[in-house]
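Look at the model below and follow the chain with the text beside it.

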Amino acid sequence: MPTSQSPITPDLQFFNSVTGGQGLIPTYRVLDGVGKPIEGAQVPEIDEAFAHRLYEHMNLLPTLDNVLYNVQRQGKISFYVTAYGEEAAIIGSAAALENDDEVLGQYREMGVLLWRGFGIDNVMAQCFGNADDKSGKGRQMPVHFGSVEHHFLTISSPLATQIPQAAGVGYALRRTPGRRDRSIAACYFGEGSASEGDFHAGLMLASTIPSPTLYIVRNNGFAISTPSSEQYYGDGIAARGPGYGIDTVRVDGNDVLAVLAATREARRRCLEQGRAVLLEAMTYRVGHHSTSDDSFAYRPRSEVEDRKKIDNPIVRFRLFMESRGWWNADAEEELKSRLREDVMKSFKHAESLKRCELQELFTDVYGGEEPWNIKEQREELARLLRKYGKDWEPWKQELAKFKNNGEDLIGKQ
């Protein structure tokens, strides 16, 4: 496994103790690099239709990533984060959760929302911040999704803030009649976030309150520009679980079936024990950290190209389906063509829409009576726009991007 000397095992074993000796934490795997079950592995129970759904969503992620990454480079959206190389970790875990489990994501978990039916149009609307954006009415950075309907708490940029929050969400679920026996909180983060103090606060809370919270850490080898080898000296993030007395497992994050099986079992333990479980998915970030990053400044291009060839999670699962007679070249061509067409259609629609009315900038911030500072800020902006909005060209161009050209705010005295 990248960034680790962890041995491979076909046995799904959780551990919750620190023992002596020099043994390393094993990594659970079902499929080898060419899609064949490894000796002794038990393939999780899935049928052909479910396999097709897994594969389609794994392919949808890079299709969206390709378009939206290029759209950002064209200056049409301000920011983007891809999930290249982590498709199995995201989709495999999403498929193992129930749709009403509360999810607290980092910023690569768009696939969880797509799995739950969020839709390509909503993804595009959020990234463009147009009037159809249901996540935040265009007031959030791109890929900072949120959906009450899909039980997905709104993403925030600061690293690791969602980890202690997830412990609280899990505790609330445990105290809610009708949900304590069927719902968990699932919290995603990268191994870089595990270097933050919030990681330790969150795991301590979730283990002592306790709360049914599944922590899924994507160990993709890099925290922005810092490789894992410079982030910690211990054996990955899984080694920290027993210190908080919680069941822990390490899984091959490029094996969608291993992630699926491990997440199913981890979720069962969360509900049965009413406390936290830690799952570490070992994978590799093939893409740049974000559109603000050039990863070739801190790792050789050849390394990335080799990783694409050696262990592509999508190819691995495709080979598995082909071996079962569930997939062929014609199906592959039809899927790629359909996904590309759907994404481009949604992109063109999102690009044509204006932003929300300008006054929406000040709504839905606080519950109850509107506080004085929000009123003051709205009045000040309206005053400045009345004075300069129609005469100063930069502001005039910006106002044209909003519904009603900002008249909903400018016209208010």
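Helices and strands are DSSP runs, a helix having at least four residues and a strand at least two, and they are numbered from the N terminus. The model shown is a predicted one.

Which residues does helix H6 cover, and which belong to strand E6? Helix H6 spans 197-208 and strand E6 spans 213-219, with isoleucine 209 in the loop between them. Isoleucine 209 and proline 210 are joined by a cis peptide bond, whose omega is about -15 degrees. In general, most peptide bonds are trans.

Isoleucine 209 also takes part in a feature of the surface. Together with Tyr171, Met204 and Leu205, Ile209 makes a nonpolar surface patch of about 310 Å².

Most residues other than glycine have a negative phi. Aspartate 364 is not a glycine, yet its phi is positive, at about 60 degrees. This aspartate 364 sits in the loop between E11 and helix H11, the latter covering 372-388. With a relative accessible area of 56%, aspartate 364 is exposed, because the limit for that word is over 50%.

Asparagine 405 is another residue other than glycine with a positive phi, here near 55 degrees. Its loop runs between strand E12 (402-403) and helix H13 (407-410). Asparagine 405 has a relative accessible area of 37% and is therefore partly exposed.

Next comes the largest pocket. Its volume is about 540 Å³. How many residues line the largest pocket, and which lie nearest its centre? The lining has 27 residues, and those nearest the centre are Phe128, Gly129, Asn130, Gly138 and Arg355. At least two lining residues come from each of helix H4 (120-128), helix H10 (329-352) and strand E11 (355-357).

Last, consider the chain as a whole. The domain assignment divides out domain 1, at 48-352, and domain 2, at 358-409. Taken over C-alpha atoms, the centres of domain 1 and domain 2 are 35 Å apart.

Terms used: Residues are numbered from 1 along each chain as its sequence is written. This is a predicted model: local features need pLDDT of at least 70, side-chain atom pairs count only at pLDDT 80 or more; totals for chains, interfaces and linings use all residues. Side-chain values use heavy atoms; hydrogens and water are left out. Domain bounds come from an automatic or database domain assignment. Patches are made of residues with over 30% relative accessible area and no salt bridge: like charges are joined within 9 Å, nonpolar side chains (Val, Leu, Ile, Met, Phe, Trp, Tyr) within 5 Å. Accessible areas come from the Shrake-Rupley method with a 1.4 Å probe; for residues, only the protein chains shown count as cover. A salt bridge is a side-chain nitrogen of Lys or Arg within 4 Å of a carboxyl oxygen of Asp or Glu. On a 1 Å grid over the protein atoms alone, a cavity is a set of points where a 1.4 Å probe fits but cannot get out, and a pocket is an open set with protein on both sides within 12 Å along at least five of seven lines; lining residues have an atom within 4 Å of a point. Grid points are joined across faces, edges and corners, and a volume is the space filled by probe spheres set on the points. Buried means under 20% relative accessible area, exposed over 50%, partly exposed in between (1.4 Å probe, protein chains only).
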